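Please open the model in a viewer and keep the selection tool at hand. The stops below are meant to be visited in order.

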Amino acid sequence: MNMTRNTRNVPAYMLGHGSFARLDSLVDARRPGAVFFYVDDFFRNTPLPGDLPARAGDSVIFLDTSREPTVEDIDALADAARTSCRGALPCCLVGIGGGSVLDAAKAVANLLTNPGKAEEYQGWDLVKNPAVYKIGVPTLSGTGAECSRTCVLTNMRRRLKLGMNSDFTLFDQLLLDPGLTRTVPPSQFLFTGMDTFMHCFESSRGAYRNLIVDVLAAGASALCREIFLGPGDMLADDNREKMMVASYLGGMAAGNVGLVHPFSAGLSIVLHIPHGRANCHALSVLGEFYPEEQALLAEILERRKISLPLGICSSLTDEQYEALYQGTIIHEKPLSNALGADFASILTRSKILELFKKM
Ligand code: NAD
Ligand code: ZN
């Protein structure tokens with residue numbers, strides 16, 4: 001089936017080692033007004049804060065990413081920005097981090113120009129007014145959050161992970177500087193990097209596709225194979241640049257995922273397992289649906305000497321199993337993309353729980 005909706009992408013990017021130094025002129029072009037820099041807490045005690053082009057009246061906010069952003073986090077950040085700007089809007093928001101920080105910056109930018117709470121915009125095309133201008137600076141590659149039209153937020157009350165899917169969620173500008181990913185630990189690099197691989201194969205195996213998406217996905221997947229299965233250090237300079245490009249291409253190919261993401265979302269909601277690793281746990285038991293991809297994941301983990309803990313869902317409470325089932329089956333769009341409208345007859349409750357217990 002052809003995807004016929006109008007497709008927008010991030011309008012401008014700069015790619016290359018050292019491009020972070022261009023943040024100064026990009027931010028300057030948006031002044032006058034206050035600039036808000038949302039920075040992953042990892043960088044608090046590194047030289048990076050000293051390199052930010054922050055002036056009096058701007059705010060540098062370090063975000064704790066030990067857990068992924070919730071709707072309450074976004075409400076609090078937007079409230080703080082409103083208070084600090086005394087009714088005016090910031091002239092620019094900058095998100096510097098992995099998917100969690102990029103998504104937080106995107107969500108806050110939407111909420112500053114739209115009334116109400118973050119959870120009111122979880123869904124498709126619910127954001128009514130254009131967001132505050134925002135610049136994305138990824139420091140960890142793989143989610144595609146830098147170029148996607150969504151920002152994934154955890155909503156524990158509704159027990160779901162869902163983004164504000166909207167053209168207004170897209171960043172206005174990206175700085176893609178592979179130098180910023182130098183400090184990423186190997187397992188984090190692999191788990192988040194493999195998110196790109198998941199987005200690509202899930203999109204190209206699904207029902208809603210077009211040739212542009214297929215070509216982007218093929219390009220990004222080929223890069224992932226080079227990085228994770230090729231010779232040498234996966235964290236070498238050239239591989240980190242390739243991963244940044246793969247994430248960007250894969251982010252444009254994503255949007256219609258398949259079975260991995262619903263199972264992964266269940267794990268994140270119930271057991272708070274971070275997205276990239278949760279995807280790998282999910283794919284590790286989905287071989288009957290994705291045999292080649294499951295084998296490839298096993299080969300990559302073996303090649304890079306990174307292992308997934310086993311038995312993560314072997315002894316949970318009935319309540320937790322129920323929450324895992326609900327947290328998975330609620331994702332009707334991707335499940336029907338993968339298995340058709342009749343997905344619930346294949347993925348019965350007992351089938352879903354059997355798969356979780358195999359992880
Ligand atoms: P993350 O942003 O949660 O960060 C993971 C860890 O890596 C954190 O501890 C962080 O401090 C650390 N880190 C980041 N950059 C680093 C660096 N340069 N050096 C050392 N450590 C660094 O991880 P992620 O996998 O990039 O993002 C996951 C989030 O992205 C989830 O919330 C997920 O739902 C979301 N996501 C969004 C989209 C989208 O399109 N918007 C797509 C997929 C996933
Ligand atoms: Zn993902």
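Predicted model: local features only at pLDDT ≥ 70, side-chain atom pairs only at ≥ 80, totals over all residues.

**Stop 1: the surroundings of ligand 1**

Select ligand 1 together with the residues around it. The shell comprises 27 residues, and the closest are Gly 99, Ser 100, Ser 148, Thr 183 and Thr 192. By class, the shell contains 13 polar, nine nonpolar and five charged residues.

Next, colour domain 1 (13-181) and domain 2 (186-358) separately. Ligand 1 lies between these domains because both give residues to its shell. Then display helices α3 (99-113) and α4 (186-205), each of which supplies at least two residues of the shell. The helix α4 gives the most, with four residues.

**Stop 2: polar atoms facing ligand 1**

Show the side chain of Lys 161: one of its N or O atoms is 3.1 Å from an oxygen atom of ligand 1. Now turn to the backbone. At Thr 150, a polar backbone atom is 3.1 Å from a nitrogen atom of ligand 1. At Val 184, a backbone N or O atom lies 3.5 Å from a nitrogen atom of ligand 1. Taken alone, ligand 1 exposes 870 Å², of which the protein buries 90%.

**Stop 3: the zinc ion**

Which residues coordinate the zinc ion (ligand 2)? Select Asp 195, which contributes OD, and His 199, His 261 and His 275, which each contribute NE2; the distances are 2.1 to 2.2 Å. The angles among the four donor atoms run from 86 to 169 degrees, and the site is irregular. Along the sequence, the donor residues follow the spacing D-x3-H-x61-H-x13-H. Distant parts of the chain are linked here: Asp 195 belongs to helix α4 and His 261 to helix α7 (residues 260-271), and the two residues are 66 residues apart.

**Stop 4: two backbone details**

Most residues other than glycine have a negative phi, and most peptide bonds are trans. The two selections below can be viewed against that background.

Select His 272 in the loop between α7 and α8 (275-284). His 272 is not a glycine, yet its phi is positive, at about 55 degrees.

Finally, move to the loop between α1 (23-28) and β2 (35-40), where Pro 32 is found. The peptide bond joining Arg 31 and Pro 32 is cis, with omega about 10 degrees.

Notes
Residues numbered from 1 in each chain as written. Chains lettered and ligands numbered in written order. Heavy atoms only, no water. Near = heavy atom within 4 Å. Polar contact = N/O pair within 3.5 Å; in protein donor to acceptor, adjacent residues only side chain to side chain. Areas by Shrake-Rupley, 256 points an atom, 1.4 Å probe, with all protein chains shown as cover. Nonpolar A, V, L, I, M, F, W, Y, C, P; charged D, E, K, R; others polar. Domains from an automatic or database assignment. Donors = N, O, S within 2.8 Å, 3.2 Å for Na, K, Ca; no water. Tetrahedral: all angles 85-135°; square planar, octahedral: opposite > 155°, others 65-115°.
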